[in-house]
Amino acid sequence: MNYQETVNWMFKQLPMYQNLGTSAYKKDLSNTLLLASELNHPENHFKSIHVAGTNGKGSTSHMLASILQEAGYKVGLYTSPHLKDFRERIKINGEDISEDFVVDFINKHRDFFQNNHLSFFEMTVGMAFDYFTKFKVDIAIIEVGLGGRLDSTNIITPLVSVITNIGLDHTQFLGNDLASIAKEKAGIIKRNVPVVIGETQEETEAVFKDKAREEGAEIHFADQEIGSVYESDLKGLYQQKNIKTVLQAIQLLPKDEYYISEEVIQCGLKKVSANTGLKGRWQILGENPKIVCDTAHNKEGLKYIVEQLSKEVYKQLHIVFGVVNDKSLEPIFEVMPKNATYYFCKPDMPRGLDARVLKDEFLQHGFVGEAYFSVNEALKKAKEKASKNDMIYVGGSTFVVAEII
């Protein structure tokens, strides 16, 4: 198979949370451990930082990678989901994994994947770990896919564990309250490995402290310990918390293995997009009217987006908005602005929520807008209706953003 055929096979043959939702969620790590054995345990052959959290874990992971790259290290970066190309999930020093490596890895292990019914995510984690080992990275930043305790990435023993924050997302898997979700995320806390909590929350603080105590892990709450922050090329008010989290994590790396000066930290934070290729975080797509997109997709993330929008200067606000069908809309209604015109759309994937259904739900809660056939049609209509002094925001889902950047 060539690269495109290989990727098509991966998407079609294997259950994948991105497309299927609940049916792709595994209840234990047995398959991941089986694959690790098949690959001669690559997870034991590279140093890492493990990053979990409801919001901000992608930005935090990319910031950490950028800083370590600026310090001269060979840095692996594993994140999900991708926006345009599968290879974005696995990078070394900002360069996507090669098409040849993807093809060769799948061809070599395809019988094993099929015989053991591995999920898309399990297979991809195995590929990333194998890649980082074969190319001898100095350190890898590993972003959790979903939750923590049962996530396929949770077979590593990192130098530092990071949990950015806890919000009510993926409740069908992780629990219906913040404390329950925190217990799942706290599953990445390892014996004697320091852990950074990005955001102190009353409902979750004790959960993390108890788990850290149980594991003998030194615990740091970044928002309590880090005062001033440096500027980053990643804009958006919410990045201030992520930067504090990153600064705390960098402080905890072993000094005899990683020397990172303040100058390097500042430079790394200013060059995140250039160094890592990160997109979709308060990304400006156009001016007159100003067009911005962001991958925020739950109440906690969208709350910061709305706060950011309130600080912008515009005549009228236009919002192109789409979500996946397992998203709880009630919390989103609480934060989204009603003084805007909405252009409802469905991301082009099986889990996308029908735009007409989304429109009906929003209109019942006092919002104003119309449903459109596709994300691009919705954005086109918003551009037609907006004057040069207006503002257009595109978001609601990573998959909405992926279609327009």
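Glutamate 122 is buried, at a relative accessible area of 1% (buried means under 20%, exposed over 50%, and partly exposed in between, with a 1.4 Å probe and protein chains only). Its place is in helix α6 (helices are DSSP runs of H or I of at least four residues, strands are runs of E of at least two, and both are numbered from the N terminus). The side chain of glutamate 122 is joined to that of asparagine 31 by a polar contact of 3.4 Å (a pair of N or O atoms within 3.5 Å; within protein, one must be able to donate a hydrogen and the other to accept it, and residues adjacent in sequence count only if both atoms are side-chain atoms).

The model is predicted: local features need pLDDT of at least 70, side-chain atom pairs count only at pLDDT 80 or more, and totals for chains, interfaces and linings use all residues. Residues are numbered from 1 along each chain as its sequence is written, and side-chain values use heavy atoms, with hydrogens and water left out.

Glutamate 122 also belongs to the lining of the largest cavity. A cavity is a set of points, on a 1 Å grid over the protein atoms alone, where a 1.4 Å probe fits but cannot get out; lining residues have an atom within 4 Å of a point. Grid points are joined across faces, edges and corners, and a volume is the space filled by probe spheres set on the points. The count is 1 cavity of 30 Å³ or more. The largest has a volume of about 50 Å³. Its lining includes Thr32, Leu35, Val125, Phe129 and Ile155. α3 (30-38) and α6 (120-134) each supply at least two lining residues. The largest share, 4 residues, comes from α6. By class, the lining has 7 nonpolar, 2 polar and 2 charged residues (Ala, Val, Leu, Ile, Met, Phe, Trp, Tyr, Cys and Pro count as nonpolar, Asp, Glu, Lys and Arg as charged, and the others, Gly among them, as polar).

Helix α16 spans residues 355-364, and its buried residues are Ala355, Leu358, Lys359 and Phe362. Seen down the axis of α16, these residues fall within an arc of 100°, so they line one face of the helix (the arc is that of the directions from the helix axis to the C-beta atoms). Arg356 and Gln364 are exposed on the other side. The buried residues of α16 pack against β11 (317-321), α15 (330-335), β12 (340-344) and β13 (368-371). At the start of α16, a side-chain oxygen of aspartate 354 comes within 2.7 Å of the backbone nitrogen of arginine 356. Glycine 366 follows α16, with a positive phi near 90°.

Several loop residues were also examined. Lysine 315 lies between α14 (299-310) and β11. Lysine 315 is exposed, at 69% relative accessible area. Its C-alpha atom is 4.9 Å from that of aspartate 390, 75 residues apart along the chain. Leaving aside neighbours within four places in sequence, lysine 315 is in contact with Asn389 and Asp390 (contact means heavy atoms within 4.5 Å).

Serine 80 and proline 81 are joined by a cis peptide bond, with omega about -5°. Proline 81 lies in the loop between β2 (75-78) and β3 (90-92). The bond from asparagine 288 to proline 289 is cis, with omega near 5°. Proline 289 lies in the loop between β9 (283-286) and β10 (290-293).

Histidine 117, a residue other than glycine, has a positive phi near 55°. Histidine 117 is exposed at 60% relative accessibility.

How values were computed:
1 Å grid on protein atoms, 1.4 Å probe; cavity = no way out; pocket = protein on both sides within 12 Å on 5 of 7 lines; lining within 4 Å.
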